[in-house]
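Please open the structure in the viewer and display the side chains.

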Amino acid sequence: MIHYEIFVSVDGRQGVVRVGSSHPLANKGTASAIEYALNLTQACYPDGVVEFDFIKEYTLDDEPDVGYVYEPFGAVQTYH
């Protein structure tokens, strides 16, 4: 899995959007991750000037399948 950090500026103020390659709108590579970040930022700041600064990519190892880590014991009380 690839993790992206997309650095953007809104009206000259810098920020970062973090997204993983498993996200449905960012799963087609670097370009789709950048497009997602810019669209998201523009939606949050519709009157701002949004600019792409740079991107960092990290390759993450998949988490191992360890099965059940915790087996509950006794009755679980629920409140209705």
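Rings of Phe, Tyr and Trp (its six-membered ring) count as a pair if their centres lie within 6.5 Å; planes under 30 degrees apart are stacked, over 60 edge-to-face, and the rest tilted. By this rule there is one aromatic pair. This is a predicted model, in which local features need pLDDT of at least 70, side-chain atom pairs count only at pLDDT 80 or more, and totals for chains, interfaces and linings use all residues. Residues are numbered from 1 along each chain as its sequence is written, and side-chain values use heavy atoms, with hydrogens and water left out.

Select Phe 7 and Phe 54. Their ring centres are 4.3 Å apart and their planes stand at 15 degrees, so the pair is stacked. Phe 7 belongs to strand E1 (residues 2-10) and Phe 54 to strand E3, so the pair ties together parts 47 residues apart in sequence. Strands are DSSP runs (E, at least two residues), numbered from the N terminus. Buried means under 20% relative accessible area, exposed over 50%, and partly exposed in between (1.4 Å probe, protein chains only). Phe 7 is buried at 19%, whereas Phe 54 is partly exposed at 40%.

Next, select Glu 5 and Arg 18, whose side chains form a salt bridge (3.2 Å, N to O). The term requires a side-chain nitrogen of Lys or Arg within 4 Å of a carboxyl oxygen of Asp or Glu. Glu 5 lies in strand E1 and Arg 18 in strand E2 (residues 13-20), 13 residues apart. Glu 5 is buried, at 13% relative accessible area; Arg 18 is exposed, at 54%.

Finally, select Glu 51, in strand E3 (residues 50-59). Its relative accessibility is 43%, so Glu 51 counts as partly exposed.

How values were computed: Helices (H or I, at least four residues) and strands (E, at least two) are DSSP runs, numbered from the N terminus.
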